[in-house]
Structures are given as structure tokens and as C-alpha cells.
Amino acid sequence: FEFAVELDPGQAPSYVGLGRARMERRCFEEAAQAFGRAIDLKPDEAELYYHRGNALLAVGKHEEAFADYSRAIHLDPRHAGAYAVRGIAYHRHFHDREKAEKDFTRSIELDPDAPMAPLNRGLLYQEMGLLPDAERDISRSLAIRATAEGFQLLGRVLRDRGEYDRADHTFRQALLACHDEPLRQSIEDDRKRNLEIQKGER
């Protein structure tokens with residue numbers, strides 16, 4: 001894509017391809033710059049702000065990322081992905097649960113087959129102590145796309161609900177789906193903690 005940009009620096013798709021390639025290589029600052037050049041060429045395209053927001057969020061530029069997500073939503077009020085990631089920004093970085101829930105819910109309404117918004121709304125509900133709602137949302141996300149992280153989150157919710165056998169089964173599912181050693185250790189720790197709590201209540 002660098003070659004395509006050099007050949008014709010006036011084409012936004014070349015910068016988009018370059019930005020995506022840099023995201024895959026985890027070169028987030030450079031990816032944000034590439035998406036920024038695409039925005040210079042096509043300032044009314046919502047998807048470009050969404051992509052740059054993701055790159056900015058990855059390097060901790062939360063306010064700039066939030067502005068890009070909001071711009072994407074302004075340009076395309078039906079951009080489900082932008083609502084989902086703006087909800088994450090509200091939740092994790094601005095600690096505004098009410099606005100996070102609103103954005104997650106809107107994302108789910110717009111794209112009920114995407115896993116990110118229900119997973120993150122489930123995490124939000126767990127923190128709020130709304131455990132049945134958390135279980136419902138995380139299970140919904142897992143039905144769309146099963147991941148080790150999702151199973152781990154569901155296991156934690158079930159543990160919090162006192163359903164230790166189901167939690168243990170879910171943590172074992174997480175381990176089967178896991179291909180990352182640090183995450184595997186985290187899941188093992190959760191499973192061990194679940195068993196300790198269960199023994200302590202017998």
C-alpha cells in the first residue's frame with residue numbers, strides 16, 4: 001500500500017489500505033496518520049473516522065478517539081460499530097455507565113448479529129450487579145462468536161451468581177478456546193478461585 005500511495009497520493013482507498021495494514025502490524029500511530037490522510041481526501045465518510053478512532057484508542061488518545069466516533073455517528077447515525085466502540089470509551093475511559101449502556105443498546109438495535117456490543121454491555125451489567133442481564137448479554141455474544149474472553153466473562157458472572165458448577169464448566173470452555181498463554185493463566189486463576197469459593201460455602 002505504501003507503493004500505491006506513492007503512485008497516486010490523491011486516492012483515499014490507498015490510505016485506507018495502508019491504515020488497515022498498519023493496524024494489523026499494531027503500528028497504531030502510523031495507522032491513525034494514514035486514516036487521517038484518507039479523511040483529508042474524503043472528510044464526509046463515516047467509516048474513516050471510525051477506523052482512525054480505533055487506532056487512536058489503541059494508543060490511549062481517548063478524547064481524540066471519542067471525537068472521531070462521535071463524528072462517525074453524526075455522519076452515519078446507523079453506524080453500529082461506532083456506537084459500540086464509543087460505548088467502550090464511555091465505559092472504560094470516561095466511566096459514564098448511563099451513556100455507555102445507551103450506546104451499546106443502540107448498537108445492538110442497529111446490528112443484532114454483531115458480538116461486540118452485547119459482550120461489553122454484559123460486562124457493564126456485571127459491574128452494576130445486574131447479573132441476569134449480564135449473563136443474557138454475554139451468552140448472546142458467545143452465540144454469535146465464541147471466544148475465550150467471552151467464556152471467561154460468562155464464568156465470572158456465573159460465579160458471582162453462585163452457580164459454581166456452571167461457572168467451572170464455562171471456565172473449562174474458555175481454556176479449550178484459548179490460544180494465548182497470559183489469558184490462559186488468567187482463566188486458570190479464575191477457575192481456581194471459583195473452586196475455592198465453592199468449597200468455602202459447603
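In which helix does Asn 54 lie? Asn 54 lies in helix 4, one of the elements of a predicted model in which local features require a pLDDT of at least 70, side-chain atom pairs count only at pLDDT 80 or more, and totals for chains, interfaces and linings use all residues. Residues are numbered from 1 along each chain as its sequence is written, and side-chain values use heavy atoms, with hydrogens and water left out.

The protein chain contains 12 helices and 0 strands, where helices (H or I, at least four residues) and strands (E, at least two) are DSSP runs numbered from the N terminus. From the N terminus on, the order of the elements is accordingly α-α-α-α-α-α-α-α-α-α-α-α. The C-alpha trace spans about 70 × 35 × 25 Å along its principal axes. Of the 202 residues of the chain, 46% count as buried; the term denotes a relative accessible area under 20%, whereas exposed denotes over 50% and partly exposed the range in between (1.4 Å probe, protein chains only).

Pro 118, in helix 8, is buried because its relative accessible area is 1%. The C-alpha atoms of Pro 118 and His 51 are 20 Å apart, at a sequence separation of 67 residues. Arg 172 belongs to helix 11 (residues 164-177) and, with a relative accessible area of 37%, is partly exposed. Arg 172 and Arg 191 are 19 residues apart in sequence, and 8.0 Å separates their C-alpha atoms.

The axes of helix 7 and helix 8 come within 9 Å and cross at roughly 150°. Helix 7 and helix 8 are therefore roughly antiparallel to each other, given that angles over 145 degrees fall in this class, those under 35 count as roughly parallel, those of 65 to 115 as roughly perpendicular and the rest as oblique.

Helix 10 in turn packs with helix 12 (residues 181-200) at an angle of about 15°, with the axes 11 Å apart. That angle makes helix 10 roughly parallel to helix 12. The crossing in which helix 10 passes helix 12 is again left-handed.

Arg 26 is not a glycine, yet has a positive phi of about 65°. Arg 26 is placed in the loop between helix 2 (12-24) and helix 3 (28-41) and is exposed, with a relative accessible area of 63%. His 95, likewise a residue other than glycine, has a positive phi near 55°. The loop between helix 6 (80-93) and helix 7 (97-110) holds His 95, which is exposed at a relative accessible area of 64%.

Pockets were then considered. Rolling a probe the size of a water molecule over the atoms shows where empty space is left. On a 1 Å grid over the protein atoms alone, a pocket is an open set of points with protein on both sides within 12 Å along at least five of seven lines, whereas a cavity is a set where a 1.4 Å probe fits but cannot get out; lining residues have an atom within 4 Å of a point. Grid points are joined across faces, edges and corners, and a volume is the space filled by probe spheres set on the points.

The largest pocket has a volume of about 360 Å³. It is lined by 16 residues, of which Val 85, Ile 88, Arg 92, Met 116 and Asn 120 are the closest to its centre. Two or more lining residues come from each of helix 4 (46-58), helix 5 (62-75), helix 6 and helix 8 (116-127). Helix 6 gives the most, with 4 residues. By residue class, the lining comprises 7 nonpolar, 6 polar and 3 charged residues, where Ala, Val, Leu, Ile, Met, Phe, Trp, Tyr, Cys and Pro count as nonpolar, Asp, Glu, Lys and Arg as charged, and the others, Gly among them, as polar.

Key: Axes fitted to C-alpha atoms, helices over the stretch in contact; angles between N-to-C directions. Left-handed = near helix turned anticlockwise from the far one by under 90°.
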